[in-house]
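Me: I would like to learn how to read the features of a protein model, one at a time. Could you take me through some of them slowly?

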Amino acid sequence: MKLFLIGMMGSGKTYWAQQLAAAYNIDWIDLDSEIEKENMMTIKEIFETEGEENFRLKEQKALHELAHHKNIIIATGGGTPCFYNNMQWMNEHGITVFINEPISVLAERLAKEKAHRPLIKNLNDDELENFLERKLAERIAFYNQAKFTINSQSFSIDDAAGFLSNDIAD
Ligand code: S3P
């Protein structure tokens with residue numbers, strides 16, 4: 001069983017991966033951290049030296065390298081589902097869960113965490129909110145291909161049993 005958490009930057013993919021992994025005793029990984037380890041560069045450095053296009057190639061490669069894992073929860077990057085056939089690949093290889101948080105929540109969280117995120121690091125608070133609105137509009141068609149959608153207001157760890165239990169032994 002592979003569980004892919006998808007959604008915008010700041011939606012809490014890593015937070016929920018950790019919470020679910022602890023509650024259900026499953027390993028978890030963060031796709032951005034895998035890319036950083038494999039390339040021995042931060043995401044910010046990859047964007048700065050090689051550009052977004054190369055980052056997306058590395059991201060797809062790191063995603064495909066997860067194929068051999070049996071039971072794992074994966075916190076993907078915000079853009080992961082939106083490039084190449086990544087969304088289709090994730091749906092074919094596991095269960096996808098879209099964490100759908102309101103823009104205002106994302107903007108508030110990200111205002112304090114811009115520095116290491118290359119796409120937003122130079123934006124002021126107003127620009128950040130506009131950027132997130134535009135990005136979500138571009139990306140929603142990909143995110144909506146997820147098998148499940150959750151948000152932190154109405155989701156609790158126990159609710160995950162439904163989408164984890166069926167597939168845990170696969
Ligand atoms: C990105 C999100 C980031 C990271 C990169 C690009 C995006 O991951 O992959 O900076 O395109 O939304 P998080 O969603 O974990 O911040």
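Predicted model: local features only at pLDDT ≥ 70, side-chain atom pairs only at ≥ 80, totals over all residues.

Me: How are two packed helices described?

Reply: Two values are used, namely the angle between the axes and the distance between them. Here helix 3 (residues 43-64) packs with helix 4 (residues 86-93) at an angle of about 10°, and their axes lie 11 Å apart. Since angles under 35 degrees count as roughly parallel, helix 3 and helix 4 are therefore roughly parallel to each other.

Me: Which residues make the contact between helix 3 and helix 4?

Reply: Helix 3 contributes Gln60, Leu63 and His64, while helix 4 contributes Asn86, Trp89 and Met90. Sorted by class, this contact of helix 3 with helix 4 has three nonpolar residues, three polar residues and no charged ones.

Me: What is the order of the strands in the open sheet?

Reply: The five strands of the open sheet follow the order 2-3-1-4-5, and their pairing is parallel. Strand 2 (27-30) and strand 5 (148-150) are the edge strands, each of which pairs on one side only. From one strand to the next, the twist averages 20°.

Me: How many bridges join strand 4 to strand 5?

Reply: Three bridges join strand 4, residues 95-99, to strand 5, and these strands run parallel. As one example, Val97 has Phe148 in strand 5 as its bridge partner.

Methods
Residues numbered from 1 in each chain as written. Heavy atoms only, no water. Axes fitted to C-alpha atoms, helices over the stretch in contact; angles between N-to-C directions. Helix = DSSP H or I, 4+ residues; strand = E, 2+ residues; numbered from the N terminus. Parallel < 35°, antiparallel > 145°, perpendicular 65-115°, else oblique. Contact = heavy atoms within 4.5 Å. Nonpolar A, V, L, I, M, F, W, Y, C, P; charged D, E, K, R; others polar. Pairing = 2+ DSSP bridges.
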